[in-house]
Amino acid sequence: MVEFTHLLFAILAAPYIAAVLMYTARAVKGPTVPDIILAVDCMSYDLAVFLALLSVYYRSPLMIAPAILLALWAYLLDVFASKYLVSKEVGA
Amino acid sequence: MTSDLVFWAGVVVVFVGGVFDFIAGLGMLRFPNFYVRLHAATIGTIYGAVLPLIGVALMALGSPIPNNTFIAGGCLATALVLFLVAPIGSHLLAYAAHKARAVEWSPVVDQLGEEE
């Protein structure tokens, strides 16, 4: 039963790890700044899902709070980076 | 019995979300320019992050682990925040990239650029 649970969570987590690797490749070689920001966004949303999955796997609710913080952090990155791209200053 | 059903429904939803996320990663890697990659990124956020978070909430509700309603509530709150926030972020990024002329592309028609 224990090995079955390990196998189930490994199968569930494998596509997310592959997608995070592909997003990382795009973030490393992305030709423009918006590409890099988009790849980092997708990476952090995927990490939020992965943290939720880990919290079910480890039977501990400690990893749920960072998930919502990661989502809001990626939105903050979007807002400030696009404000810098448009008006060439970050502002308050 | 019912909790098993809820758990396996969550497993199916998380697996479908993983397949969508894999496809979004492939598109992110292979698409030619930024505006086309934006399509892959939005698939990766809505079908690849919001849907699996609802699935993880179902998995937590259906399994007999301690504090499972806490985990499910956190997952649902994160899914709601992502559902509201991710489209705003990608629209902002597309507008900023077009405004700053950061992307080199050869459009058939660019009416937003003609207006300026």
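In this predicted model, helix α2 (residues 34-62) of chain B packs against helix α3 (residues 68-99) of chain B at an angle of about 170°, and the two axes are 7 Å apart. An angle over 145 degrees counts as roughly antiparallel, and α2(B) and α3(B) are therefore roughly antiparallel to each other. The residues that make this contact comprise 23 nonpolar and 5 polar, with no charged residues among them.

The loop between α2 and α3 of chain B holds two residues worth a look. Pro64(B) is found in this loop and is exposed, since 8 other C-beta atoms lie within 10 Å, where 12 or fewer is the cut-off for that class. The C-alpha atom of Pro64(B) is separated by 8.5 Å from that of Ser3(B), although the two residues are 61 residues apart along the chain. Asn67(B) also lies in the loop between α2 and α3 of chain B. Its phi is near 60°, a positive value in a residue other than glycine. Asn67(B) has 16 C-beta neighbours inside 10 Å and so counts as partly exposed.

Turning to the first helix of chain B, α1(B) has 29 residues, which at 1.5 Å a residue should span 42 Å; the end C-alpha atoms of α1(B) are 42 Å apart, in agreement with that expectation. Buried residues in α1(B) are Gly10(B), Val14(B), Gly17(B), Gly18(B), Phe20(B), Asp21(B), Ala24(B), Gly25(B) and Met28(B). An α-helix has 3.6 residues a turn, so residues three or four places apart point the same way. Val19(B) lies in helix α1 of chain B as well, but with 13 C-beta neighbours inside 10 Å it counts as partly exposed.

The contact between the chains takes 41 residues from chain A and 49 residues from chain B. On the side of chain A that touches chain B, the elements giving two or more residues are α1 (2-29), α2 (33-57) and α3 (65-87) of chain A. Of these, α2(A) gives the most, with 16 residues. By class, this side of chain A has 32 nonpolar, 3 polar and 6 charged residues.

At 1.5 Å a residue, its 25 residues should span 36 Å, and the end C-alpha atoms of α2(A) are 36 Å apart, which agrees. Of the 25 residues of α2(A), 20 are buried, so this helix is largely enclosed by the rest of the structure. Just after α2(A), Arg59(A) takes a positive phi of about 60°. Arg59(A) lies in the loop between α2 and α3 of chain A and is partly exposed, with 14 other C-beta atoms within 10 Å.

The contact of α2(A) with α2(B) has 18 nonpolar, 3 polar and 4 charged residues. With α3(B), α2(A) packs at an angle of about 175°, and the axes are 11 Å apart, so α2(A) and α3(B) are roughly antiparallel to each other. Residues of α2(A) in this contact include Ile37(A), Tyr45(A), Ala52(A) and Val56(A), while those of α3(B) include Ile71(B), Cys75(B), Leu82(B) and Leu93(B). The contact of α2(A) with α3(B) divides into 13 nonpolar, 3 polar and 1 charged residues.

Terms used
Residues are numbered from 1 along each chain as its sequence is written. Chains are lettered from A and ligands numbered from 1 in the order in which they are written. This is a predicted model: local features need pLDDT of at least 70, side-chain atom pairs count only at pLDDT 80 or more; totals for chains, interfaces and linings use all residues. Axes are lines fitted to C-alpha atoms, for helices over the stretch in contact, and angles run from 0 to 180 degrees between N-to-C directions. Helices (H or I, at least four residues) and strands (E, at least two) are DSSP runs, numbered from the N terminus. Angles under 35 degrees count as roughly parallel, over 145 as roughly antiparallel, 65 to 115 as roughly perpendicular and the rest as oblique. Ala, Val, Leu, Ile, Met, Phe, Trp, Tyr, Cys and Pro count as nonpolar, Asp, Glu, Lys and Arg as charged, and the others, Gly among them, as polar. Two residues are in contact if their C-beta atoms, placed from the backbone, lie within 7 Å. The expected span of a helix is 1.5 Å times one less than its number of residues.
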